[in-house]
Amino acid sequence: MSNEAMIPDNVDRMLLRVLQETFAKEPWRKTAPVVVINDATGALSYWALENDLDVRFVQDSAALGALQASVTGPIATCPNPDVLKGATTVLYRLARPLEALEELAWQVAAWADPKVLLLAGQLQRHLNFSMNAVLADVFDNVSASRGYHKARALRATAPKALAGHAPARMPRKNNVTVGAESLELRAYGLTFGAAKLDPGTRLLLDTLTMHGMDSFVPGSSAVDLGCGNGTVAAFLAQKTHNVAIIATDDSASALRSTQATLAANTLAGVALVHQSGLVTLEDASIDTIVLNPPFHKGTEITGDIARFLFAEAGRVLKPGGILWTVFNVSRRYHKALVKLVGPTEQIARDSRFIVTRSQKV
């Protein structure tokens, strides 16, 4: 990742200004351990190293971890006691799920130095008072920084005494029935959708039950692409026999959630891969892929991720291989699926979602 690519965005600029103000008031923090968590641009990591901070890095995203590796070196994929031990300043970009802040705040309060300062930043339009309340559950002092560049940081200090090895509600738990199968779902904080059964995924799995199980013949291979909380991987593990199943996601939190879901349902034999797209899989190597593509990148709505995943599916599917996809009716992905995978037909639709079947030519 070149230095030129590490251009700070407005959240970065705000966090750097607040951090510099903090160092001016409390200069001892500049020589104490700092942890940068889920740097979106690489700019925070680069700045910390350029200023000779004693810095450690955590990156949930496999894609961003690979992009930033030339700067950060080896990184942790999730906060843990080792990476947070002795940390007195933690920089964090607030994610969409409130559960992500709940989990991260507990980890910082439980494992970092008692003098720790958590700076959790985001654009002002994405902040809400529920975030303050989550922080106040585990920190005695919670306030907001000044606003810079239309962004602001929530400041949390004085961690409360906590018991246990994880937040009480982590992983989140839920029991659902889909395709006549009962599943226990689990989800850690940063996993999009928590432990809920996404309605699009329900339609997709109901459709597979009625029209698509012939895609998963014994001896074949299947990928749950973007496995999230593991609903699809667990469903396939229950419903198929002698199929090599791979569950993969860009998010380390999602992989942990899928692993927990499989364990909760006493399902084994699913390979878990933390990767961007399908980068570790060879061309024309997989028989069937199942995908419910995300359309959020951080706090922004985009179709770029879906088109990237369609292209990856088209690359990895064997000739004649099948991609099952579900997406919101407003996304209009049919032309992209035809171009990037092959002939595509609509198999099911309700008021919100479409399920398609694409065949690699």
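Reader: Hi! Which way do strand E9 and strand E10 run, and how many bridges join them?
Author: Strand E9 (residues 221-225) and strand E10 (residues 244-249) run parallel, and five bridges join them. Two strands count as paired if DSSP finds at least two bridges between them. Strands (E, at least two residues) and helices (H or I, at least four) are DSSP runs, numbered from the N terminus.

Reader: Thanks! What should I know about the model itself?
Author: This is a predicted model, in which local features need pLDDT of at least 70 and side-chain atom pairs count only at pLDDT 80 or more, while totals for chains, interfaces and linings use all residues. Residues are numbered from 1 along each chain as its sequence is written, and side-chain values use heavy atoms, with hydrogens and water left out.

Reader: Back to E10, then. Which residue there is the bridge partner of Leu 225?
Author: Thr 248 is the partner of Leu 225 in E10.

Reader: And what order do the strands of that open sheet take?
Author: There are seven strands, in the order E11-E10-E9-E12-E15-E17-E16, and their pairing is mixed. Strand E11 (271-274) and strand E16 (344-349) are at the edges, each pairing on one side only. From one strand to the next, the twist averages 20 degrees.

Reader: Nice. Which strands does helix H7 touch?
Author: Helix H7 (residues 199-211) packs on the sheet and touches strand E12 (286-291), strand E15 (317-328), E16 and strand E17 (353-359). Contact here means heavy atoms within 4.5 Å. The direction of H7 makes about 135 degrees with that of E15. For angles like this, axes are lines fitted to C-alpha atoms, for helices over the stretch in contact, and the values run from 0 to 180 degrees between N-to-C directions.

Reader: What about helix H8, which strands does it lie across?
Author: Helix H8 (residues 231-239) lies across E9, E10 and E12, and runs at about 175 degrees to E10.

Reader: How many of the residues of H8 are buried?
Author: Seven of the nine are buried, so H8 is largely enclosed by the rest of the structure. The buried residues are Thr 231, Val 232, Ala 233, Ala 234, Phe 235, Leu 236 and Ala 237. Buried means under 20% relative accessible area, exposed means over 50%, and partly exposed lies in between (1.4 Å probe, protein chains only).

Reader: In what sense do strand E1 and strand E3 pair?
Author: Strand E1 (residues 34-37) and strand E3 (residues 89-93) pair in the parallel sense over four bridges. Val 34 has Thr 89 as its bridge partner in E3, and Val 35 has Val 90 there. E1 also pairs with E2 in the parallel sense, over four bridges, and in E2 the partner of Val 34 is Val 55.

Reader: Which residues cover the two faces of E1?
Author: Val 34 and Val 36 are on one side, Val 35 and Ile 37 are on the other, and all are buried. In general, side chains in a regular strand alternate between the two faces of the sheet.

Reader: Last one: at what angle do the axes of helix H1 and helix H2 cross?
Author: The axes of helix H1 (residues 10-25) and helix H2 (residues 43-50) cross at roughly 30 degrees and come within 10 Å. That makes H1 roughly parallel to H2; angles under 35 degrees count as roughly parallel, over 145 as roughly antiparallel, 65 to 115 as roughly perpendicular and the rest as oblique. Where they meet, Asp 12, Leu 15, Leu 16, Leu 19, Gln 20 and Phe 23 in H1 face Ala 43, Leu 44 and Trp 47 in H2 as contacts.
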